[in-house]
Amino acid sequence: MSNVPMIQLNDGAYIPQLGFGVFQIHPDETADAVRTALEIGYRHIDTAEMYQNEHGVGQGIRDAGVDRADVYITSKLNNGFHLPDDARRAFDGTLEALGFDYVDLFLIHWPLPTLYDGDFVSTWRTLEEFRNDGRARSIGVSNFQIEHLLRLAQETDTTPAVNQIEVHPFFTNDAVRTYGADHGITTEAWSPIAQGKVLDDPVVRGIADATAKTSAQVVLRWHIQRGDIVFPKSVTPERVRENFALFDFELTDSDMDALTALDIGETGRTGPNPDQFEYIPR
């Protein structure tokens, strides 16, 4: 853990720059995956209500015998619970599922601007309640576009601590990242290797050969050097260990530039566009 940089958020809290993501890990496999990650050295776990594996995250932490205070836990609000009273009940459910009395970071998972009459502001104000009563040490958003962030700035009193957005060399999402940097919002990168699509790119493979690292390590190191928070996911112990080994090498400026130049804009997205996304779990 000691070689993972800590990033200070705009509320003064610190978050490990490298974490372990549990998206698409089956609930029955989550506890073992989290325990393995913690044994390797991870101290930052990213989950969400919609992943349906918060219970496994909490169980994995207990199984690993790691003190709760030593693990940074993020979860996110289910898209079906944006109304304030629904959000309050959902957050209670997150804490119950985890088996802890607080989370380090709680996010609005998607802005859903075409649903709820476009009102994600009242949802954000509800998250402010969780922060104010100490049950969420920090609060933030996920998949928010610049116009969504501008609206929060205009209508509420709290700047999100983070914005978790899709970022990888095929989709650098730099306009949103730049807005965040200019306004004290730290970027977290999801789909950091574009669901594996970047790994066979000739530029990535060439840098991997030159540095004697894997393609995944090269891309994850690119994220680290750009200053973003990243949390790769795997259930394979050797891959989990590989993804943690990012701090014994550096990419050159030319390597960084070459990877950034792979950006192909909107066509590089692996996930939905937040302006249109309106999925509600049933």
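The model is predicted, so local features need pLDDT of at least 70 and side-chain atom pairs count only at pLDDT 80 or more, while totals for chains, interfaces and linings use all residues. Residues are numbered from 1 along each chain as its sequence is written, and side-chain values use heavy atoms, with hydrogens and water left out.

**The largest pocket**

- The largest pocket has a volume of about 920 Å³; a pocket is an open set of points on a 1 Å grid over the protein atoms alone, where a 1.4 Å probe fits, with protein on both sides within 12 Å along at least five of seven lines, and the volume is the space filled by probe spheres set on the points.
- It is lined by 40 residues, and Phe23, Gln24, Tyr51, Trp190 and Lys233 are the closest to its centre (lining residues have an atom within 4 Å of a point).
- At least two lining residues come from each of strand 9 (186–190), helix 8 (215–226) and helix 9 (237–244); helices (H or I, at least four residues) and strands (E, at least two) are DSSP runs, numbered from the N terminus.

**Helix 7**

- Val204, Ile207 and Ala208 are the buried residues of helix 7 (residues 202–211), where buried means under 20% relative accessible area and exposed over 50%, with a 1.4 Å probe and protein chains only.
- These buried residues fall within an arc of 105 degrees seen down the helix axis, so they line one face of helix 7; the arc is taken from the directions from the axis to the C-beta atoms.
- Pro202, Asp209 and Ala210 are exposed on the other side of helix 7.
- Just after helix 7, Ala212 has a positive phi of about 60 degrees.
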